[in-house]
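Subject: Structure for your review

Dear colleague,

Please find below the structure that I would like to hand over to you. My findings follow directly after it.

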Amino acid sequence: MNENKEPVRKIFYVITKSNWGGAQKYVYDLATGLSMEKRQKQYESLVVFGGTGPLSLKLAEAGIKTISIPNLARDINIFADISSFFRLLSLFKKEKPDIVHINSSKIGGLGGLAARIAGVPRIIFTCHGWPWNEDRNFFSLSIIKFLSWLTVVLAHETIAVSGKDFSDGKHMFWVKNKIVLVHNGIKSPDFRERAESRAYIAALAKNTGVDIGENDFLVGAVGELHRNKAYEYALRAVAILKQKNIPVKLAILGEGEERRFLKSLAAKLGIEKDVALAGFVGDAPQYLRAFDALVLSSLKEGLPYVVIEAGSAGLPVVATNVGGVREIIDDMKSGILVQTRKPDEIASALELMHKNPEKARIFGQNLRQKAEHEF
């Protein structure tokens, strides 16, 4: 019972996929945050997503109501998208949520339009990195930019998770007053000790045929095996370092559509014994202290949780200067920023950290301070 006799407000969070990435963590944190005891009497959370996956499992464990829309997927499919739209419209009309909070670009337009037609009083859209920063042709980017603008028009308010996205969004016609900046934040993970973490990652790597020794310079990467993460360039950087006889090993914690390509590339580069595609690890942040450095090779980001989590772990980071990354890392003070598609720059940055462990330690220490004070 609601002790204040006030009506419970329904909040529906809608996201395209039920995998586990930054946007999914964001939705999970918000939905579970509103389910805490004091707020449970005021709000009812429900999460809508496409398919099934780690997000659906985690929400079920947390006792959050969910609805899966099987046809909802990241890639454009006109018939599946029409089906998903009418499913959302029917759901909103039936359940009458007070707030619909849409996340990710694909669901932004479908969910925003369905919510508007259904008469939802408040529609919020969170931009986790504008999709026109993806690697696409001019025609596709033009359509995507228009649809992104339309999503902001349909929403009553849009949240940008980084200053870069906030600035980019403000340049869109007629919508600048509808966009606000709210940085991502984290609760510091319950980190495992380095020895335990190292042993765990080494065991995962061994299952893929990669042996990690005590003296190896172990580099970690965490995230979905998707082309936006551009792991190709991290692999090429490893190949460059191996040519210099630097004992580097790379462990990628994540799963996705690029697995076959990355495995083939590692074999082609002759580093299949040095790169472990370890698969999805649900509690990956807990094991960050296993690594000597973290690499983020992305072509597009919003404000990546993994860089903040690495900072919280005191881990030095090499990251591409995309999205809001520069808002977390001060170049050559709390990490090293590199250009996209530049494996030689990634290799040089990792080599510097390997040869200068004290400098790497200071990078990690400074990043920890930044993470704790600002995120």
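Two strands are said to pair if DSSP finds at least two bridges between them. Helices (H or I, at least four residues) and strands (E, at least two) are DSSP runs, numbered from the N terminus. Please note that this is a predicted model, in which local features need pLDDT of at least 70 and side-chain atom pairs count only at pLDDT 80 or more, while totals for chains, interfaces and linings use all residues. Residues are numbered from 1 along each chain as its sequence is written, and side-chain values use heavy atoms, with hydrogens and water left out.

Strands around E12

Strand E12 (residues 317-320) and strand E13 (residues 336-338) pair in the parallel sense, over 3 bridges. Within this pairing, Val 318 stands opposite Ile 336 of E13. Strand E11 (residues 293-296) also runs parallel to E12 and is joined to E12 by 3 bridges. Here the bridge partner of Leu 294 is Val 317 in E12. Between E11 and E12 the chain passes through helix H11 (residues 305-312), and this β-α-β crossover is right-handed. The term right-handed applies if, with the strands pointing away from the viewer, the path from the first strand over the helix to the second runs clockwise.

Which way do the side chains of E12 point, and are they buried or exposed? Val 317 and Ala 319 point one way, Val 318 and Thr 320 point the other way, and all are buried. Buried means under 20% relative accessible area, exposed means over 50%, and partly exposed lies in between (1.4 Å probe, protein chains only).

Salt bridges

A salt bridge is counted when a side-chain nitrogen of Lys or Arg lies within 4 Å of a carboxyl oxygen of Asp or Glu. By this rule there are 19 salt bridges. One of them joins Lys 10 and Glu 95, with the closest N and O atoms 3.2 Å apart. This pair links distant parts of the chain, since Lys 10 is in strand E1 (residues 9-17) and Glu 95 is in helix H4 (residues 78-95), 85 residues apart. Lys 10 counts as partly exposed because its relative accessibility is 21%, and Glu 95 is likewise partly exposed, at 28%.

Lys 17 and Glu 224 also meet in a salt bridge, at 3.1 Å from N to O. Lys 17 lies in strand E1 and Glu 224 in the loop between strand E8 (217-222) and helix H9 (231-243), so this pair ties together parts that are 207 residues apart in sequence. Lys 17 is partly exposed, with a relative accessible area of 22%, whereas Glu 224 counts as buried at 16%.

A further salt bridge connects Asp 29 with Lys 25, where the closest N and O atoms are 3.3 Å apart. Why are these two residues separated by about one helical turn? Asp 29 and Lys 25 are separated in this way because they are 4 residues apart in helix H1 (residues 22-33). Asp 29 is partly exposed at 29%, while Lys 25 counts as buried at 16%.

Aromatic pairs

Rings of Phe, Tyr and Trp (its six-membered ring) pair if their centres lie within 6.5 Å; planes under 30 degrees apart count as stacked, over 60 as edge-to-face and the rest as tilted. The whole structure holds 7 aromatic pairs. In one of them, the rings of Phe 12 and Phe 92 have centres 6.5 Å apart and planes at 55°, so the pair is tilted. Phe 12 lies in strand E1 and Phe 92 in helix H4, so the pair ties together parts that are 80 residues apart in sequence. Phe 12 is buried, at 1% relative accessibility, and Phe 92 is buried, also at 1%.

The rings of Trp 130 and Trp 132 are stacked, because their centres are 4.9 Å apart and their planes are at 5°. Trp 130 counts as buried at 1% relative accessibility, and Trp 132 counts as buried at 13%. Ring pairs link Phe 125, Trp 130 and Trp 132 into a cluster.

Yours sincerely
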